Amino acid sequence: MSADSFEYPDAAGYPDGMGFLDEGTTPGRAPSVGSAQFLTPSAEADVDLRVVDDSATEEYHAVIGDREVGVIRYSRLSGSPTVLRSTYVDPQLRGLGIGTAFVAHVLDERRERGERVIVQCPMIRAFVESHREYADVVVR
């Protein structure tokens, strides 16, 4: 196996068997409304997907109705690009375009802020490689 390839042992394709791309994490908790910034629904989703940026926990939350269906974890140091570390989408909802809409929304938001990102998450990296229109948002 090369250094650029990944091997995921579970059926869903994730190393921890729970849908997280970073081993050892625990499922995300519901966003804290007091500290979260609610964003507009994604125009790319077939469902009413809302994306919430909870800067206190450095997590984006994908929400449909009152149900959290995904999490993107990030890190941000003052003056540095945001590092997109991991992505989770509820395994029961995969294949519906929710992950694509979620990632696109996060990248669109960072672009609108005039920010760039460093991608550590293999799912987001694959998304950017197949959607070259986001190359300007990613630090190589």
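Tutor: Let's start with a helix and its surroundings. The buried residues of α1 are covered by elements that include β2, β3, β4, β5, β6 and α2. Keep in mind that this is a predicted model.

Student: Which residues of α1 are buried?

Tutor: Begin with the general idea. An α-helix has 3.6 residues a turn, so residues three or four places apart point the same way. Now the case here. I98, G99, A101, F102, V103, A104, H105, V106, L107, E109 and R110 are buried in α1. That is 11 of the 15 residues, so α1 is largely enclosed by the rest of the structure.

Student: What follows α1?

Tutor: G114 follows, and its phi is positive, near 75°.

Student: Let me step back. How many helices and strands are in the protein?

Tutor: Two helices and six strands. Read from the N terminus, the order is β-β-β-β-β-α-β-α.

Student: Which residues touch the most other members of the largest nonpolar core?

Tutor: General idea first. In soluble globular proteins, nonpolar side chains tend to be buried together. Here, the largest nonpolar core has 26 residues, and I72, L84, F102, L107 and I124 touch the most other members. At least two core residues come from each of β2 (49-54), β3 (59-64), β4 (67-75), β5 (82-89), α1 (98-112), β6 (117-119) and α2 (122-130). With seven residues, α1 gives the most to this core.

Student: Now the strands. In what sense do β2 and β3 pair, parallel or antiparallel?

Tutor: They pair in the antiparallel sense, over six bridges. The hairpin of β2 and β3 has four residues between the strands. In that hairpin, E58 takes a positive phi near 55°.

Student: Is β2 enclosed or open, and where do its side chains point?

Tutor: In a regular strand the side chains alternate between the two faces of the sheet. As for cover, five of the six residues of β2 are buried, so β2 is largely enclosed by the rest of the structure. Take V52, which lies in strand β2. V52 has 0% relative accessibility and counts as buried. The C-alpha atoms of V52 and E68 are separated by 9.9 Å, and the two residues are 16 apart along the chain.

Student: What about E59: buried or exposed?

Tutor: Apply the cut-off: buried means under 20% relative accessible area. E59 has 6%, so E59 counts as buried. This residue lies in strand β3.

Student: Which side chains make polar contacts with the side chain of E59?

Tutor: One is H61, at 3.3 Å. Another is R73, at 3.2 Å.

Student: And for the protein as a whole, what share of residues counts as buried?

Tutor: Of the 140 residues, 43%. The accessible surface comes to about 7500 Å², and 51% of that belongs to carbon and sulfur atoms. Among contacts between residues at least 6 apart in sequence, 43% join residues at least 24 apart.

Definitions and conventions
Residues are numbered from 1 along each chain as its sequence is written. This is a predicted model: local features need pLDDT of at least 70, side-chain atom pairs count only at pLDDT 80 or more; totals for chains, interfaces and linings use all residues. Side-chain values use heavy atoms; hydrogens and water are left out. A nonpolar core is a set of buried Ala, Val, Leu, Ile, Met, Phe, Trp, Tyr and Cys residues joined through side-chain atoms within 4.5 Å. Buried means under 20% relative accessible area, exposed over 50%, partly exposed in between (1.4 Å probe, protein chains only). Contact means heavy atoms within 4.5 Å. Accessible areas come from the Shrake-Rupley method with a 1.4 Å probe; for residues, only the protein chains shown count as cover. Two strands pair if DSSP finds at least two bridges between them. A polar contact is a pair of N or O atoms within 3.5 Å; within protein, one must be able to donate a hydrogen and the other to accept it, and residues adjacent in sequence count only if both atoms are side-chain atoms.
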